[in-house]
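Welcome! Please take a look at the sequence and the model first.

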Amino acid sequence: MKILVVDDEIDYRETFKMLLEGRNFTVETAESADVALEKMHNEYFPLVLSDVIMPGTDGIDFLIKAKSEILKPFEIILVTGYGNIQTAISAIKNGAFGFFIKSHNPEELIIEIEKARRSVEMKNKLSMYEKQSGDESYLSTSKNLKMNRVIELAKTVACSDSNVLITGESGVGKEIIAKLIHENSTRADMPFVAINCQSFSDNIIESELFGHEKGAFTGAFGKRIGRFEEASGGTIFMDEIGELSQSTQVKMLRVLENRSVERIGSNKSISVNFRLISATNRSITPGIQDFFREDLFYRINTIELNIPPLRKRKEDIEDLIFFFLNCFNKSTKKNISSISPSTMEFLKGYDYPGNIRELKNIIERLVVTSKGGILNMDYSDSFDSKIKSDNSFSKDCGSIDSFIFEGDNIISYSDAKKNFERYYFEKVMEKFDGNITKAADFINLSRRQLFNKITEFGLK
């Protein structure tokens, strides 16, 4: 990160430059506020360290001007040899990130700089995602090789009218890929009609798909156009198609063969012209006629796209966190400007059995419940404790049976509890390279409590 040091005294400029370059920062210096502003207009400095008392424009006025003129995200830490409460309050009120007394321990300044660096990174990411906050198509981008192949294939098949079957676990974003195909096709200006086949009972789904005439059955008080008719000219997306009953599958097969529908209560055929995209979280393969007709399977499965679960594309998690954070910042009118390191570490390491849908719900909850502008997971909260607990068995755990069985015999509750605790604290200490303070803070125990557990189980 590039840092601009502003001070009218050359000794302080050189001292700060040596200190920061020794920590691998790139440092530029300026002898006055006016020179600093000119440099900031010509070059991007994410962080500025500025003296308060300077000839001409002082540090407070420089802070106000910089915040009003420089549009890119940056932070300013004011430094002074004459610290007082009034100056510090004025600095913070006008947007300074921090306030440092020159005679204090330089390590305190380094800590503030690290905090400021994370703040700027957060603001840059939120700014990058802001224009995409209402655009679900952003979710069809990826840093994962396998997911990128799915996306590229989806764009390729969009040019045809071939039927597509999208497979993958619940919540992976099958509808997003279906929309991507539609939006890249020649049908993009026509309707995209989505229906979740699991949401309707057997006696209602046919009315939803094929439509009905007035009086066709009890409660049919008027004519209804079905989803196939509604999608004519465009694309119909049938999510959870594996949930259709056998009788509905037969009727749907006839629609695909004849490209026409008959509303319930009518014998008149209505021509339809749609592109079919189906999706399922089931493992649909030929030869399983117990719930899905093989002839329909071949019809809908001209091209299959399998979306990997989020746990298999963890390189996308951080981008998705910031994407959803920006969405919910806007919708809840909150201003979350940073994420606590422990929360970010947990979110990036969690396995998300509910995939992108679960990540979205977790971020929404954290935005709503977080305070002080920091996204923070409170492990005393029952929801946050649950997802933390769920994840504790999802990694490197092997079989849970190893905690409760000795050979073929179930061991006592106290021994099973000790087995788990030993495993748990061993993994915690591995994760934090033996740093008791960091580990205790992360798992919400006191340092003494953690030390006692390490001693009890004889851990290194």
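Predicted model: local features only at pLDDT ≥ 70, side-chain atom pairs only at ≥ 80, totals over all residues.

**Nonpolar cores**
- The largest nonpolar core has 41 residues, and F324, L325, L347, I363, L375 and L450 are the ones that touch the most other members.
- Two or more residues of this core come from each of α12 (317–332), α13 (341–349), α14 (355–369), α17 (413–431), α18 (436–443) and α19 (447–457).
- Among these elements, α12 gives the largest share, with nine residues.
- There is also a second, separate core of 25 residues, and its members include A231, L253, L256 and I300.
- As background, nonpolar side chains tend to be buried together in soluble globular proteins.

**Where α17 meets α18**
- The axes of these two helices, α17 and α18, come within 9 Å and cross at roughly 120°, which means that α17 is oblique to α18.
- The crossing of α17 past α18 is right-handed.
- On the α17 side, Y424, F425, V428 and M429 take part, and they meet I436, A439 and I443 of α18.
- Sorted by class, this contact between α17 and α18 has seven nonpolar residues, no polar ones and no charged ones.

**A buried aspartate**
- You will find D51 in strand β3, which covers residues 47–51.
- D51 counts as buried because its relative accessible area is 4%, and the cut-off for buried is under 20%.
- Beyond its neighbours within four places in sequence, D51 is in contact with V6, D7, D8, G59, V79, T80 and K102.

Definitions and conventions: Residues numbered from 1 in each chain as written. Heavy atoms only, no water. Core = buried A, V, L, I, M, F, W, Y, C linked by side-chain atoms within 4.5 Å. Buried < 20%, exposed > 50% of the residue type's maximum accessible area, 1.4 Å probe, protein only. Helix = DSSP H or I, 4+ residues; strand = E, 2+ residues; numbered from the N terminus. Contact = heavy atoms within 4.5 Å. Axes fitted to C-alpha atoms, helices over the stretch in contact; angles between N-to-C directions. Parallel < 35°, antiparallel > 145°, perpendicular 65-115°, else oblique. Left-handed = near helix turned anticlockwise from the far one by under 90°. Nonpolar A, V, L, I, M, F, W, Y, C, P; charged D, E, K, R; others polar.
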